[in-house]
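Please walk me through this protein model.

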Amino acid sequence: MEATMKSRNKLVVSYLVVGGVIIMAMMVFGILMLLAQGGVLDLPPAVFYQFLTIHGTGMVGAAAFASAGIMWYFLSQYVELSKRIMKANMVLFLIGVFMVIIGVFSFKYASAWTFLYPLPALSGSAWGTIGALLYLGGMLILGIGFLLFYLDSGRAIIKNYGSLAKGLGWDVIAGKKAEKDAPTGTVVASTMVTIVNVTALIAGAIVLIMNMINVINPAFTFDPLLAKNLTYAFGHIFANAIIYMAVIAVYEILQKRTNRPWKSNKAFLIAWTMSTAFTLVIYTHHMLMDSVMPTWTLVLGQILSYANGLPVLVVTAYGALMIVYKSGIKWDMGSGMIYLSMFGWVVGVVPAIVDATIVVNHVMHNTKWVPGHFHMYMALGACAMIFGFMYFLAKEDSTIKTNGLDKIAFISFTLGIISLSGSFLVSGAISTPRRWATHIPEWMGPALFGSVAGVLALLAVMIFVIHFIRYMMIRKNVVPEADLQKLA
């Protein structure tokens, strides 16, 4: 059984390596942009916006890809998932990434990840038809791969539990089943992510296809407000779901390291159901400055944005504290990174809730305040979960040891991301606009500070990834499943 699991790990390892390497590359682009905004690097505005496009698209895509590896690793222990679908997702992901890179760097496509209609077709000659089609087509292919992955996850959950509702534990909430028979946190989280991301990817496919038709035939037009709603329904939900996939590692690793079960009680199940519903509609806080939006949607977006992160965050953070309390846990890099992610998630949500307030949003949303919250939430939250899982898997699956350099990297990563996010928040507080290639002197200080912090974090991530690559090279020999069957 152990050898079989190690054989299965090879696919997950591939996801983590690809995701980790892309994250490192995207960090380099982020540092270069900050150096340009700080006045140290002479970066042409057109190149800056290419970097901005690849940085945002690549970072979210890579984190989602690695988190899908985490979800598949643990969910496959409870339901029967398809390796073929997982491999197909990887192939489509790599094809899509290649198309996006060619579109951005060879054909100068630079609309940022938002690709808001009609910008892909009307670029003021900054890029042409081929660049736009490569980028949009690459994103579409990426989405198809992920959609196959989530459809397979949904199929497996329904086959094993009867329905997605039961995967969320609704029968337990209704009292039809005892709490001891509730689905595990892994199954609940995977069900939630499957529901929201299938919805998000379908919305994304619709707007991407409409944009592609418009690029080919400008006579084909559609409602810009509808396009923006579909774009953010796709982008915000998909990015938000990354941490809900990665948090599965928190549930599984902490209970393994503490030798305590993470129980799915009614409060836990209700919290996940609430986040499932809220995540689908809170993207409207990106529309608060669009006065043509129906007022009720904006009010709903503000209220539910307050509420969205709290249910799952509270039960998870509280659960993490309780499962560790007096457990005698022996901390290692994996469990340490996982625990750190709880801090990053909690702190990162605070400026997001502040920004979701309409009167604040009107002033702050188009400033660097937004990337301040997002970098804290994603880097010190979701990415810390990913790196923690890397260390966990390396320790479980090989004889590799950590050393003092790994501990230094842990500290450097923490300080680097906190400092980087803090520089963005300070920039937002002094009304520095986001997505601007050039800064006036009054805005340059925080950008330079952020670039130094980014370098510190990058060096730490390099150590994390190198450790994982070393693990790949010294893995114990694994008996293939086919050979095991022959022996049986």
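This is a predicted model: local features need pLDDT of at least 70, side-chain atom pairs count only at pLDDT 80 or more; totals for chains, interfaces and linings use all residues.

Residues are numbered from 1 along each chain as its sequence is written, and side-chain values use heavy atoms, without hydrogens and water.

Start with helix packing. Two packed helices are described by the angle between their axes and the distance between the axes. Helices here are DSSP runs (H or I, at least four residues), numbered from the N terminus. Axes are lines fitted to C-alpha atoms over the stretch in contact, and angles run from 0 to 180 degrees between N-to-C directions.

Take helix H2 (residues 45–75) and helix H4 (residues 129–161). Their axes lie 12 Å apart, at an angle of about 20 degrees. That makes H2 roughly parallel to H4 (under 35 degrees counts as roughly parallel, over 145 as roughly antiparallel). Contact means heavy atoms within 4.5 Å. On H2, the contact residues include Gly61, Phe65 and Trp72. On H4, Tyr135, Phe146 and Ile157 are among them. The contact of H2 with H4 has twelve nonpolar residues, four polar and no charged. Ala, Val, Leu, Ile, Met, Phe, Trp, Tyr, Cys and Pro count as nonpolar, Asp, Glu, Lys and Arg as charged, and the others, Gly among them, as polar.

H2 also packs on helix H3 (residues 83–106), at about 175 degrees with axes 11 Å apart. H2 and H3 are therefore roughly antiparallel to each other. Here too H2 uses Gly61, Phe65 and Trp72, among others. H3 brings residues including Lys83, Phe93 and Phe105. This contact of H2 with H3 holds 13 nonpolar residues, five polar and one charged.

Now look at the second largest pocket. Its space is about 230 Å³. Which helix gives the most to its lining? H10 does, with five residues. Helix H9 (266–279) and helix H10 (295–324) each supply at least two. Lining residues include Trp262, Lys263, Phe268, Tyr318 and Ile323. By type, the lining has eight nonpolar residues, two polar and one charged.

Finish with the backbone. Most residues other than glycine have a negative phi, and most peptide bonds are trans. The bond from Tyr117 to Pro118 is cis, with omega near 5 degrees. Pro118 lies in the loop between H3 and H4. Lys326 is not a glycine, yet has a positive phi of about 55 degrees. Lys326 sits in the loop between H10 and helix H11 (333–355).

Terms used
Angles under 35 degrees count as roughly parallel, over 145 as roughly antiparallel, 65 to 115 as roughly perpendicular and the rest as oblique. On a 1 Å grid over the protein atoms alone, a cavity is a set of points where a 1.4 Å probe fits but cannot get out, and a pocket is an open set with protein on both sides within 12 Å along at least five of seven lines; lining residues have an atom within 4 Å of a point. Grid points are joined across faces, edges and corners, and a volume is the space filled by probe spheres set on the points.
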